[in-house]
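Subject: Structure handover

Hi,

My notes on what turned up follow below it.

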Amino acid sequence: MLVLGIESSCDETAAAVIDSGKMRSSVIASQIKDHSKYGGVVPEIASRKHIEAINMVIQEALANAQVTLNEIEGIAVTRGPGLIGSLLIGLSTAKALAYALNIPLVGVNHLEGHIAASFLAEKPPTFPFCALVVSGGHTNVYLVKNYHDFILLGQTRDDAAGEAFDKAAKLLNLGYPGGVVIDKLAKLGNPQAVTFPRAMKDSPDFSFSGLKTSLLTMLKKRGRDFEESQLPDVVASYQEAIVDVLVEKTIRAAQNNKIDRIVVCGGVAANGRLRERFAVAADAGKMELFIPPIILCTDNAAMIAAIGEIMLKNGRSDSLDLNAVSRWPLV
Ligand code: KG4
Ligand code: ZN
């Protein structure tokens, strides 16, 4: 089935074409440069930029897939969670296309999309598996029993891991989004140089707000003594504190549930150190590890079309009065 996917939940306008579980094209227009001077996503600007980009992004996705709009058999669009104004641009476009082409429309949960990015692999994971969804807004561990059948095993009680990266980068004046910059800079530093807290060690849940406070306290204490040359050590240690708990708690959740397959997905799954550490931990625990390529970890529409196609094939579709939702937990 030829499915067009549309994603606009945050600061990326994306469209993709999927054909029978295989990605034919994936186009992402990033708004990073429009938001970076504000140190974070400005919702009003995001909505406007989505309007400007969406038609072109869809056209490019169709052209790259070498299909015409009339050949598309279904439309999958992110319905939530996300910025409501941004979501509405993708959703209205999807509805207009579905109506004009007289084809089914399905609204997809963005988190389910992140998990579905792993289905696009040459060798996708089989059920059941444990999934760590780790992004700018979420840090959740699920037991995934089947499509749409999730048990929440752990979640953050405050900041998401991506937020911890972004807030640290802001404190250190490293720019936005923080994850990418810290990932790069940390490669030059010693991850054991500074001791940062690992919160809630014995709980299945996460907490990252104390980590950010501890960085702030350290910066205040060091004050003028803080030298540029120390920066790589500081960010490497900070990153290690995040990576440690993500790896440890996900592996533990899988072991406690006798699961030996792990999916790591969402924007933070693009992190080099996290990918490295998960590979080592999965190997040691004799677990199968599935992490999508970096381009499918951060926001994209291929993941939305991937799960959308499965939903449509199972006869699930939505009517044209479907609304966007800013909050939409998977379970
Ligand atoms: O999944 P995503 O693109 O959007 C959301 O659904 O939130 O994730 C964005 C988050 C941001 O917080 C960003 O800093 C983080 O993913 N991120 C990274 C890396 N690339 C993006 N964090 C750590 N290392 C990276 N390489
Ligand atoms: Zn996302």
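P81 sits in the loop between β4 (74–80) and α3 (84–101). The peptide bond joining G80 to P81 is cis, with omega about -10 degrees. Keep in mind that this is a predicted model. A cis bond also runs from Y176 to P177, where omega is near -10 degrees. P177 belongs to the loop between α5 and α6.

Two backbone angles deserve a look. N102 is not a glycine, yet its phi is positive, about 55 degrees. You will find N102 in the loop between α3 and β5 (105–109). N102 has 72% relative accessibility, so it counts as exposed. K286 is not a glycine either, and its phi is positive at about 50 degrees. K286 is placed in the loop between α9 and β10 (288–290). Its relative accessibility is 71%, so K286 counts as exposed.

Next, the metal. Which residues coordinate the zinc ion (ligand 2)? The donors are H110 (NE2), H114 (NE2) and D299 (OD), at 2.0 to 2.1 Å. Along the chain, they follow the spacing H-x3-H-x184-D. H114 and D299 link distant parts of the chain, being 185 residues apart. H114 is in helix α4 (residues 110–116). D299 is in the loop between α10 (294–297) and α11 (302–313). Both H114 and D299 are buried.

On to the domains. The chain splits into domain 1 (2–116 + 297–313) and domain 2 (124–291). Their centres, taken over C-alpha atoms, are 27 Å apart. At the contact between them, domain 1 supplies 17 residues and domain 2 supplies 21.

Within strand β1 (residues 2–7) there is V3. Is V3 buried or exposed? V3 has 0% relative accessibility and therefore counts as buried. V3 touches A16, V17, I18, G74, A76, A305, E309 and L312, leaving aside residues up to four places away in sequence. The C-alpha atoms of V3 and I72 are separated by 5.9 Å, although the two residues are 69 apart along the chain.

Now the helix packing. Two packed helices are described by the angle between their axes and the distance between the axes. Here the pair is helix α5 (residues 161–171) and helix α8 (residues 231–256). Their axes come within 11 Å and cross at roughly 175 degrees. Angles over 145 degrees count as roughly antiparallel, and α5 and α8 are therefore roughly antiparallel to each other. On the α5 side, the contact is made by A161, A164, F165 and A168. On the α8 side, Y238, Q239, I242 and L246 make the contact. Seven of the residues in this contact of α5 with α8 are nonpolar, one is polar and none is charged. An α-helix has 3.6 residues a turn, so residues three or four places apart point the same way.

Last, helix α6 (residues 178–186). Which residues of α6 are buried? They are G178, I182, D183, L185 and A186. What do the buried residues of α6 pack against? They pack against α5, α8 and α9 (272–284).

Best wishes

Methods
Residues are numbered from 1 along each chain as its sequence is written. Chains are lettered from A and ligands numbered from 1 in the order in which they are written. This is a predicted model: local features need pLDDT of at least 70, side-chain atom pairs count only at pLDDT 80 or more; totals for chains, interfaces and linings use all residues. Side-chain values use heavy atoms; hydrogens and water are left out. Axes are lines fitted to C-alpha atoms, for helices over the stretch in contact, and angles run from 0 to 180 degrees between N-to-C directions. Helices (H or I, at least four residues) and strands (E, at least two) are DSSP runs, numbered from the N terminus. Angles under 35 degrees count as roughly parallel, over 145 as roughly antiparallel, 65 to 115 as roughly perpendicular and the rest as oblique. Contact means heavy atoms within 4.5 Å. Ala, Val, Leu, Ile, Met, Phe, Trp, Tyr, Cys and Pro count as nonpolar, Asp, Glu, Lys and Arg as charged, and the others, Gly among them, as polar. Buried means under 20% relative accessible area, exposed over 50%, partly exposed in between (1.4 Å probe, protein chains only). Donors are N, O and S atoms within 2.8 Å of the metal (3.2 Å for Na, K and Ca); water is not among the atoms, so sites may look incomplete. Domain bounds come from an automatic or database domain assignment.
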